[in-house]
Amino acid sequence: MREGTHLRDFDWALLLIVLAICSLGIVEIYSATQSAPPSSRLAGLHWKQLWWVLIGVACMLALSRIDYHRVLDQAPLLYLVGLAGLVLVLLIGETKYGSRSWIEIGGRTLQVSELVKLIIIVVLARFYSEVRTDRLSLLDMAKAGALVGLPVGLILLQPDFGTAVMFLPIAVVGAFLSGIQWKHMVAFALIAALLLPVGWYFLKPYQKERINTFLRPEENLQGAGYQTQQAKIAVGSGGFWGKGIGKGTQNQGGFIPVRWSDFILAALAEETGFIGVLVTLLLYMFLLLRLVQNAQGAKDRSGMYIVMGVAAVLGVHVFVNVGMMIGYVPVTGIPLPLMSYGGSSTLFVFMALGLVMNVRLKRFVN
Amino acid sequence: MSSWIGNDQKLPQGRLAAISYLIAAGTLFLLIGFWKLQIIQSDHYGQLAERNRIRSLPIIAPRGQILDREKRVIVDNYPSFSVLLLREDPKLLEEGLPLVAEGLGITIEEIQQQIEASKSIPKFQPIQIKPEASQADIAFIESHRADLPLLELLMVHRRRYPRDGFLAHAIGYVGEVSEKQIEASGDKLRPGDFVGKSGLERQYNETLMGTDGMRRIVVNSVGKEVEKLEHVEAQAGQNIQLTIDYDLQVVAEAAMAGQKGAVVALDPRTGEVLAMVSQPAPDPNSFAIRIPAQEWKQLNEDPDKPLLNRAIQAQLAPGSVFKIVMSTAMLESKVIPEDYSVYCPGYADFYGRVFKCWVFDKGGHGHVKLHDAIVHSCDIFFYNVGKRLGIDRISYYANQLGLGRRTGIDLPGEMEGLVPSEEWKKRVLRQPWYPGETISVAVGQGALITTPLQLARTIGGIALGGVFKQPHLLMDAKAVKEETFTINEHTTEVVTQAMFGVVNQEGGTAKGSRLEGIEFCGKTGTAQLISSDGLKKVGKQKQFSDNAWFVGYAPRRNPEIVVSVLVEHGLHGSSAAAPVARDIIKRYYEKKGARDKQQYTVDYKRYELSDSQELAQAALGPAPAASTPKTALPPPQRKGASAQR
């Protein structure tokens, strides 16, 4: 251990919560894919996820040992690398689920935008700490917007609307903590409300359909409404105690769409009931609150911005994904962090948590 | 340390705390959402989950067979497959429809129409979209089970009817249940079910139909069966045994081949129908599945009316056959003495109009009394009888002897015919009765119309001395109605002697059909469709030529069989109709003789080599490929026969 970093300062509580969530995820991935034939790409998915978690923990430990100030130093370079990656993926990327957002590295595909998310957290942390004010000006807000806008624009070209939207909370939370003025907040809210119809015009037909379905689910049980309906059936039929792990009819019968990934919580809700959901959501709440707590104890503003950037991304992922399960949010391709199967998103979360650990370990160092 | 890091370590604690509260509030908000679904609405979603995975498929009950009086199979079933469409998953339905349509060779519009028509049925019940799956359809469905979980095969039983319209009208046919029938049945019938649409199939539908079973299985999201939950076997429909004698039917069909008309053979002692033919006849096999609208329209608009069961629905003037009713009325009413005599010069004048006798072209009958008037069918004699009896007395006896009303046979759609009377004309036509009309009615013309079945029952009943049994086709019919209109023994003797004379006496109108050793009796009839003068004007057009009738029976007293024959446009009862009755009665006695020789055993071997067997084969044809190789005539495996060998 380097000077000032002690094993006891490591955030063991946070790690415990994270591993608990990962365990629930792996168990449910197992349950959701157990009936898949050995030749299927779903066979043994829980083992793969376990490996991703282990690799993730290793990445987290590694990142926690690099001083985050050094990372912040490299922010401009990282930003350029991120943009280059996004351009590259547009040129040579692979298309999955209708979006060109995957790149092949050593036989595995990686979702570049996940990595870029991490970079943007760092870049915005650097930007906001340089602003050094408690009254954020419009010009600075515009600059922050431009910093986020560029990668978001590239991701929209893939097109991956869901992922692109997930970048905004980093900027919003940052702005909030940098002392955005209330009048500006109100003004932005109004402008956003006015721009909604204009934005509608730019949406793709399938996105419009999803939103229509979300607003009037009973009218459209075909297409997008089907997924929401099946998820709701799974959740609702789980009742208070659930049907038991491996016994959910919606899950085992394959009625829940991508039950091992984006809709894993619906599978969990069916098999473990409200009790299981309560435990899961409380774990996420503790995770997020623990992140805020770490931010509050950060040594400086830049550390706080990093931690809160991570909290913003994770929080919005969790709320949007969970909202999808019960029909509160239209269906978008947003995974549930730490639970949904997926190498890129799991690695991103652990790397982000590595930065958080880093900030925590530096809190008493001058 | 880099230059950009400020010394400001003051953090916006207030705003951080606000975010904490926001996180807690958001979690609570989501938990409330889950509470609503999982606690408050869990029953509702539980049901939806069950509906998702459990599929109910019907097991179709086979319809009962239709057997002849000796339990030979006339109508049976063959296994087939019907294509079911599962509609539970609207997304799959929408996406899969083009492939379904292409694979099954039907249009998307047709399928959508059927989905629309079945809207009222719960979505979890599949609907039949193609009643007869071909080998290609079955292969298509089996090979697409994984990627097209919309189709399911249903084993069904299709009716196999005798070919070429053999007994077609009496049997009737089945067809897909109509919306009206579904409504009328309560919940018992479902769209796609097959029910009797006409004939015995309709009359005894309840008996024949049976009760469908049901299979409940668990399926996964691609429709693969994972588990069996429930299996309720179908209960097959009951067989019905008819009074029809297959052998007599074969003879009757052969005798009527190519003609237009009808045959009814009855046992007047019991009312059992031994044979019933109506020609032309449709092939019910062509509507056993789904008849194309065009073909159905053609059948309905065909001027030969192939769908009409002439045996019970043709209402035509009986012609001279009615003279038997007239004779009975004359003797029973005693208005006219028995030895009443008339001179027949070939024509006579009544009420200022000339009425001809049928022998007008060759002269007349000379002096005739009742017996000869029947044997030679003298019209002039009966004109006079009619004039003296008057229409009301004729009408009374005709009615009592069974004309002008339904016989009550166990077939749907029987017609009642018409016996005119003064009262009837006033009531229906609002016109007075003209005496001249009575003269026409006296020889079975005018407004008088009868069905072949009515005539068989009436003549048979008179020969029995006034006992009229309700005709029926079901062997173990319960409560067969019997009417008695007691006729004096003397009257019966005189009338039956005369009918014996018609066939057996020199100069009898059906002398050509005499059968050696059999007391074959009967009465010919030749009914004009238009007057003979009119006929001369239009020339010899077939649609205006006379209808030929013959009602024959044997033996002379207490007959065992009575056969009524109608040949439309057959010109003469003696040449066109009487031979048909003769053939049937001959066959009846052949069988009877064989039975009497070997009292309790029936040697079917004889029939297998006989002409009738070949005819039967010709009528039934080879079994369809999909069926078990089972001919309509089962091999001789009945107890008596096997004991004999």
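Helices here are DSSP runs of H or I with at least four residues, and strands are runs of E with at least two. On that basis, chain A of this predicted model has 15 helices and 3 strands.

**Chain A as a whole**

- Of the 366 residues in chain A, 52% are buried.
- If you take the contacts in chain A between residues at least 6 apart in sequence, 72% of them join residues at least 24 apart.

**Helix α2 of chain A**

- Helix α2(A) covers residues 45–64, which makes 20 residues. From its first C-alpha to its last it reaches 28 Å, close to the 28 Å expected at 1.5 Å a residue.
- Which residues of α2(A) are buried? They are Leu45(A), His46(A), Gln49(A), Trp52(A), Val53(A), Gly56(A), Met60(A), Leu63(A) and Ser64(A).
- Looking down the axis of α2(A), you find these buried residues within an arc of 105 degrees, so they line one face of the helix.
- On the face of α2(A) turned away from the buried side sit the exposed residues Trp47(A), Trp51(A), Leu54(A), Ala58(A) and Ala62(A).

**Where chain A touches chain B**

- Chain A brings 49 residues to the contact, and chain B brings 41 residues.
- On the chain A side, the elements giving two or more residues are α3 (68–73), α5 (112–131), α8 (168–177), α11 (224–238), α12 (249–252), α13 (264–296) and α14 (301–325).
- Which of the elements gives the most to this side of chain A? That is α13(A), with 12 residues.
- Sorted by class, the side of chain A that touches chain B has 24 nonpolar, 18 polar and 7 charged residues.

**The sheet in chain A**

- Chain A has an open sheet of 3 strands in the order β1-β2-β3, with antiparallel pairing.
- Why do β1 (94–96) and β3 (108–111) of chain A each have one side without a neighbour in the sheet? Both stand at the edges with a single partner strand, so one side of each is left without a neighbour.
- Neighbouring strands in this sheet are turned by 50 degrees against each other on average, direction ignored.
- Strand β2(A), residues 99–105, pairs with β3(A) in the antiparallel sense over 4 bridges. Here Ile103(A) stands opposite Leu110(A) in β3(A).
- Helix α5(A) packs on the sheet and touches β2 and β3 of chain A, its direction making about 45 degrees with that of β3(A).

**A sheet in chain B**

- In chain B, 5 strands form an open sheet in the order β12-β11-β21-β20-β19, with antiparallel pairing.
- Its edge strands are β12 (272–279) and β19 (521–527) of chain B, each of which pairs on one side only.
- On average, neighbouring strands of this sheet are turned by 5 degrees against each other, direction ignored.
- β19(B) and strand β20(B), residues 547–554, pair in the antiparallel sense over 7 bridges. Thr524(B) has Phe550(B) in β20(B) as its bridge partner.
- Helix α19(B), residues 452–463, lies across β11 (261–267), β19, β20 and β21 (561–567) of chain B, and runs at about 145 degrees to β21(B).

Terms used: Residues numbered from 1 in each chain as written. Chains lettered and ligands numbered in written order. Predicted model: local features only at pLDDT ≥ 70, side-chain atom pairs only at ≥ 80, totals over all residues. Expected span 1.5 Å × (residues − 1). Buried ≥ 20, exposed ≤ 12 C-beta atoms within 10 Å, placed from the backbone. Arc of directions from axis to C-beta. Contact = placed C-beta atoms within 7 Å. Nonpolar A, V, L, I, M, F, W, Y, C, P; charged D, E, K, R; others polar. Pairing = 2+ DSSP bridges. Axes fitted to C-alpha atoms, helices over the stretch in contact; angles between N-to-C directions.
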